Amino acid sequence: MNVVWTPIEGFAFTDILYDRTEGIARITLNRPQVHNAFRPETLEEVMRALRHARFDSSVGVVILTGAGTKAFCSGGDQSVRGDDGGYKDEAGVHHLNALDLQREIRTCPKPIVAMVAGWSIGGGNVLQLLCDITIAADNARFGQTGPKVGSFDAGFGAGLLARTIGVKKAKEVWFLCRQYDAQEALEMGWINAVVPLDRLEEETIAWCRRMLELSPTALRILKTAFNADSDGLAGVQELAGNATALFYMTDEGQEGRNAFLEKRAPDFSKFPRRP
Ligand SMILES: CC(C)(COP(=O)(O)OP(=O)(O)OC[C@H]1O[C@@H](n2cnc3c(N)ncnc32)[C@H](O)[C@@H]1OP(=O)(O)O)[C@@H](O)C(=O)NCCC(=O)NCCSC(=O)CCC(=O)c1ccccc1C(=O)O
């Protein structure tokens, strides 16, 4: 399969690549010299691209991946980890903005697919976990290193992992800091599929194409529903926002607005009171 990727113009990214094919936008972490470890600038760029993909109505699915075949992402770049509570940007300001990206992955109303070759480690593996679907190559290896390098992700990194692979396994992952191959990850329910490395892109595109054939509104609301309970009231807010958006598209919702604008009493009598 020959997929033609077209760069998306208008950005001067240094740490990521951003391109598209059909209705699929692809964001590539592009720091292969450090196994695609992220620094604050990397995460800002991913968030900019993700927001752009979100508001581009011709995009239905987003792929998050890493450059090359050796790594998806090895987490926070330890060489810019500072002593003041975060990772330093080029101006010396400390950030923990992986957490911002985590939330944006969850609240993006379009499915996000992690396409993983090689290492998926530390905060990089948490990003993989947060993606809606993960397709891994047979050379992929997954793990958390926090307790080894003086870090931890006690938010989604622990809680969502426990929901995904079970509490005992999640504790094992974090307490032992072992690495797991793609087949083991698949058996744990950590990822969705393992494919030969040379078919990774083809298979990922096939999964994306399937989602592009389906109702975008149904996928959008299902994504929100999967996150709603673990996001608490913010999750309910998002789910409810979808209901409001749909209601705004109905004659009944529009009657209220029209009556206000026309300075008359609304007439809701023609709308059924469904059982
Ligand atoms: C991934 C490895 C197991 C791969 O090992 P190997 O194949 O032997 O390759 P190496 O020779 O080790 O690596 C090649 C090259 O890359 C450099 N490198 C790799 N990973 C990193 C990294 N994370 N940071 C900086 N540099 C990295 C490595 O030094 C080599 O460079 P040379 O110049 O060639 O020597 C192995 O590389 C490995 O274990 N890497 C480290 C994995 C790790 O511990 N990552 C950090 C985990 S902590 C984290 O990610 C927290 C971030 C986070 O998201 C977060 C969490 C909770 C709250 C807030 C936050 C937040 O906002 O940050």
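Let's start with helix α3 (122-130), which gives the most to the shell around the ligand, with three residues. By helix I mean a DSSP run of H or I, at least four residues long, and by strand a run of E, at least two, both numbered from the N terminus. Keep in mind that this is a predicted model, where local features need pLDDT of at least 70, side-chain atom pairs count only at pLDDT 80 or more, and totals for chains, interfaces and linings use all residues. Residues are numbered from 1 along each chain as its sequence is written.

So, which residues come nearest to the ligand? Of the 24 around it, they are G75, G76, A98, G122 and G123. A residue is near if its C-beta atom, placed from the backbone, lies within 6 Å. Besides α3, the elements giving two or more residues to the shell are α2, β9 (119-121) and α4 (146-149). By class, the shell has ten nonpolar, twelve polar and two charged residues. Nonpolar covers Ala, Val, Leu, Ile, Met, Phe, Trp, Tyr, Cys and Pro; charged covers Asp, Glu, Lys and Arg; the others, Gly among them, are polar.

Now the domains. An automatic or database assignment gives domain 1 (6-213) and domain 2 (217-261). Their C-alpha centres lie 28 Å apart. Nine residues of domain 1 are in contact with seven of domain 2, contact being C-beta atoms, placed from the backbone, within 7 Å. On the domain 1 side, α2 (98-107) and α5 (156-165) each supply at least two residues, and the largest share, three residues, comes from α5.

Last stop: just after α11, K263 takes a positive phi of about 55°. Thanks, everyone!

Conventions
Contact = placed C-beta atoms within 7 Å.
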